[in-house]
Amino acid sequence: MVIEPKVKGFICITAHPDGCDENVRRAVEYSLAHKGESKDGPKNVLVIGSSTGYGLASRITAAFSFGAATVGVAYERPSSGKRTASAGWYNNAAFEKYAAKHSLPFASLNGDAFSDEMKVQTMEAIRKTMPGQKLDLIVYSVAAPKRTDPHTGETYSSVLKPIGKPYCEKSVDFHTGKISSVSLDPATEEEISATIKVMGGEDWLMWINALKENDLIAENAVTLAYSYIGPELTHAVYKDGTIGKAKDDLEEKAREIDKALSSIGGKAYISVNKALVTQSSAAIPVVPLYISILYRLMKENGTHENCIMQMNRLFHRIYDSSDVKSVPVDDCGRIRMDDLEMAEDIQSRLKDVWSVISSDNIDELTDIKGYRDDFYALFGFGLDNVDYTRDITDF
Ligand code: NAD
């Protein structure tokens, strides 16, 4: 079968195994090129949400730049009949192929990270993959639409909505370049608390508690979870919206985890990352237009980074510090990997473009093409080096 993209709104329901392999190969190559740059680094790493986006980039950085053994947890769809697997499934297969080639220990688990069973299975995998060792880095990079609370059995769904009042802003259909205005009604109290349940820090805390009870966390270990803040332009739908409330909860849980790890000299950090095209960010209204302008300005400036570059810089920031407790942070204790995105000149130029942007000048003033290319690339499409005419029988 020749596999082609089948796009439905902000999701592509097919994925190309060779294209996903090519994405992972490039990230591995980038990481290998930066190997040995830090004198220190993680050696035994767990990544929860390890198959796409920032989690995959964290795992690749840990393994290929630092030689770490990695255990990855993700929730991806295998192929069935005529339907391809999800991109994350193929990314994971590619990760395993390259890790084996470089003799790096690994284990990958596919299932619901929110469940107790997955936590138990992961502990077993850690003991097998890293015999006699403990984790020195735990990355929590889950982005999910739903979560079932393992204790009550209740399922919660997250929403991307403003809080308090309706929000109306420009948004783009990145397939056509057509700009229209999007109006979002404010979230109800129930929707706010459901989003906190799904995207807040409760499950991260549960993972750390379970790992600690099982004595699987090493002295001076670091745990990371990722957040986003962004400019005022997106605050209503992000920072001050339902997802922002969930991120506030993530920060609160980081402080709790920090206390829980202090007895073993460990540290919990929130890293505020750059806005990038991922399966999760494509779903947020307004954000694709913001990213299209941002990409244009940051590429012109020579400061654009993709997921693997961001994670490489993050790991350097952590492991080039004199110790894990001395990583440079902002006033709220967060690591700011969005520093280049939030640079004053970039944000003021972005505001200017935002005020005049329309369907007529979108190609001229933004990198909508770069956005689109990155979107297709997430699913393994549109990459050089890939034979898209190949008849694939083993997908
Ligand atoms: P993504 O959609 O690319 O990755 C999500 C990962 O979570 C995948 O590996 C997926 O398999 C896994 N996952 C989803 N549900 C799961 C479940 N129930 N059990 C196990 N695994 C599950 O997302 P991303 O954009 O890389 O986001 C990761 C984190 O980074 C999020 O916290 C997000 O808010 C944050 N972040 C993203 C951006 C951005 O622009 N994309 C910017 C800053 C911070």
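Predicted model: local features only at pLDDT ≥ 70, side-chain atom pairs only at ≥ 80, totals over all residues.
Q: How many residues of β11 are buried?
A: Nine of the eleven, so to speak of the strand as a whole, β11 (residues 217-227) is mostly covered.

Q: Which strands does β11 pair with?
A: There's β6 (residues 135-140), paired with β11 in the parallel sense over five bridges. There's also β12 (residues 267-272), which runs parallel to β11 and is joined to it by six bridges.

Q: Now zoom out for me. In what order do the strands of the sheet come?
A: The order is β5-β4-β3-β6-β11-β12-β13. These seven strands form an open sheet, and the pairing is parallel.

Q: Why is one side of β5 and of β13 left without a neighbour in the sheet?
A: Because β5 (106-110) and β13 stand at the edges, and each has a single partner strand.

Q: Which helices pack on that sheet?
A: Helix α4 (residues 116-129) is one of them, and it touches β3, β4 (69-74), β5 and β6. The direction of α4 makes about 170 degrees with that of β5. Another is α10, which touches β6, β11, β12 and β13. For α10, the direction makes about 140 degrees with that of β11.

Q: Let's move to β3. How many of its residues are buried?
A: Five of five. Both faces of β3 are covered, with N44, L46 and I48 buried on one side and V45 and V47 buried on the other.

Q: How many bridges join β3 to β4?
A: Five, and the two strands run parallel. L46 stands opposite V71 in β4. On the β6 side, β3 (residues 44-48) pairs in the parallel sense over four bridges. There, the bridge partner of L46 is I138.

Q: Changing topic: how much space lies in the second largest pocket?
A: About 740 Å³. There are 28 residues lining this pocket, and the closest to its centre are N23, N306, C307, D374 and A377.

Q: Which elements give two or more residues to that lining?
A: Four helices by name: α1 (17-33), α2 (53-66), α10 (307-319) and α13 (368-378). That's the α10 that also packs on the sheet.

Q: What's the lining of that pocket like by class?
A: It has 17 nonpolar, eight polar and three charged residues.

Q: I've got my eye on D338. Is D338 buried or exposed?
A: Buried, because its relative accessibility is 1% and the cut-off for buried is under 20%. The place of D338 is in the loop between β13 (335-336) and α11 (344-356).

Q: What is D338 in contact with, leaving aside its neighbours within four places in sequence?
A: V272, N273 and K274.

Q: How about α5? Which residues are buried there?
A: In α5 (residues 189-199), the buried ones are I192, A194, T195, K197, V198 and M199. They pack against β7 (146-148), β8 (155-157), α6 (202-213) and α8 (242-262).

Q: Where is the place of N209, by the way?
A: N209 is in helix α6. With a relative accessible area of 33%, N209 is partly exposed. N209 and I3 are 43 Å apart in space, C-alpha to C-alpha, and 206 residues apart in sequence.

Q: Last one: what's the phi of N385?
A: N385 has a positive phi of about 80 degrees, and N385 is not a glycine. You'll find N385 in the segment after α13. Its relative accessibility is 64%, so N385 counts as exposed.

Technical notes:
Residues numbered from 1 in each chain as written. Heavy atoms only, no water. 1 Å grid on protein atoms, 1.4 Å probe; cavity = no way out; pocket = protein on both sides within 12 Å on 5 of 7 lines; lining within 4 Å. Points joined across faces, edges and corners; volume = space filled by probe spheres on them. Nonpolar A, V, L, I, M, F, W, Y, C, P; charged D, E, K, R; others polar. Buried < 20%, exposed > 50% of the residue type's maximum accessible area, 1.4 Å probe, protein only. Contact = heavy atoms within 4.5 Å. Pairing = 2+ DSSP bridges. Axes fitted to C-alpha atoms, helices over the stretch in contact; angles between N-to-C directions.
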